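Here are my notes for a first look at this model. Please read them with the structure open.

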Amino acid sequence: PSMVYHMASSHEEADLVDGISVPSMGILPGVEERFSFTNLLFPTNPEPSTMSGFAVNICTSVLGALILAFSILAVQGGIVLWNIIALSLIFTVCLVLVFIIWRQPESKTQLSLRFPCCLSSLCLVYLST
């Protein structure tokens, strides 16, 4: 009985080690990258790094704020020259940010939460009625 217990506990420890090492393989802890616009637009490393993750986080935060500003200006600004210039400038910056996010290396780790698209649309229809 004690041998079976020992085998089971060693098997769980192996699973635990595998579970910890797989997600951390995506970000290389020892590689230090210096920030440059060339490295931001054309990353040399095919694996995600701390800098690329930080760049994606910052870009998505700024993108959300710009979309909010675009929405407010589009509704409240009216058709005046300064508003059209501001909207076109915000739109251009949003395109640049989307390009920066698109150029960053993609993580190969599997997502733990999967939600079918058809089920989410059914939930949205149900909530809106």
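1. The protein has 5 helices and 0 strands. Helices (H or I, at least four residues) and strands (E, at least two) are DSSP runs, numbered from the N terminus. Along the sequence the pattern reads α-α-α-α-α.

2. This is a predicted model, where local features need pLDDT of at least 70, side-chain atom pairs count only at pLDDT 80 or more, and totals for chains, interfaces and linings use all residues. Residues are numbered from 1 along each chain as its sequence is written, and side-chain values use heavy atoms, with hydrogens and water left out.

3. An unreviewed UniProt entry carries the annotation "transmembrane region" for residues 54-74 and 80-102. Such annotations may be inferred rather than shown by experiment. Residues 54-74 are 100% helix and 0% strand, with end C-alpha atoms 30 Å apart. Residues 80-102 are 96% helix and 0% strand, and their end C-alpha atoms lie 33 Å apart.

4. How much of the protein counts as buried? Of its 129 residues, 16% do; buried means under 20% relative accessible area with a 1.4 Å probe, protein chains only.

5. Now the contacts (heavy atoms within 4.5 Å). Among those in the protein with a separation of 6 or more, 57% join residues 24 or more positions apart.

6. Helix α3 (residues 50-76) gives the most to the lining of the largest pocket, with 4 residues. A pocket is an open set of points on a 1 Å grid where a 1.4 Å probe fits, with protein on both sides within 12 Å along at least five of seven lines; lining residues have an atom within 4 Å of a point.

Definitions and conventions. Buried < 20%, exposed > 50% of the residue type's maximum accessible area, 1.4 Å probe, protein only.
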